[in-house]
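Colleague: Hi! I'm new to this one, could you walk me through it?
Modeller: Happy to, let's bring it up.

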Amino acid sequence: MHHLIALRLINRRGPLISAEMRFLRHAMNLSRQSLGDELGVDKAFITHWERNNRRLPRYADVNLRILYAAARLTECDNQLSVHLLADGDYPSSPGPMMFTWSDAGWRHAPCATPP
């Protein structure tokens, strides 16, 4: 069940908030220190982000989604859509990034353009 919730979080549009960051950190069994090391920030930043109940800084949001995808997705999750630029400070993404599982691992799969 936690894996399904995490998949919904990393695939939905919009920024992650503090509680969602904490949920994903716990889902990956990471301490605040370990997550800080992975994101390249001090443990104090992780503590602050988890307690302030606001949306995460853009770089932390994107990297946390990617970190979860790299750490937890398996061949059972045969397709992944990560909205990396959704609602960010960057120009809108032309669409979701799609990835497909193969024997070689996760690969970027071009999306079909809607008619």
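Modeller: A word to start with: a residue is called buried when its relative accessible area is under 20%. Also keep in mind that this is a predicted model.
Colleague: Which residues have the most contacts inside the largest nonpolar core?
Modeller: Those are M21, L24, W49 and L64, in a core of 19 residues. Two or more residues each come from α1 (2-11), α2 (18-27), α3 (32-39), α4 (43-51) and α5. The largest share, 5 residues, is given by α5.
Colleague: What does L24 touch, apart from its close sequence neighbours?
Modeller: Beyond neighbours within four places in sequence, L24 is in contact with A6, L9, I10, L16, L64 and Y68.
Colleague: Switching topic: where is A71?
Modeller: A71 is in helix α5, which covers residues 58-72. The C-alpha atoms of A71 and M28 are separated by 7.3 Å, though the two are 43 residues apart along the chain.
Colleague: Last one, what is the accessible surface of the whole protein?
Modeller: About 7200 Å², and 54% of that belongs to carbon and sulfur atoms.

Notes:
Residues numbered from 1 in each chain as written. Predicted model: local features only at pLDDT ≥ 70, side-chain atom pairs only at ≥ 80, totals over all residues. Heavy atoms only, no water. Helix = DSSP H or I, 4+ residues; strand = E, 2+ residues; numbered from the N terminus. Core = buried A, V, L, I, M, F, W, Y, C linked by side-chain atoms within 4.5 Å. Buried < 20%, exposed > 50% of the residue type's maximum accessible area, 1.4 Å probe, protein only. Contact = heavy atoms within 4.5 Å. Areas by Shrake-Rupley, 256 points an atom, 1.4 Å probe, with all protein chains shown as cover.
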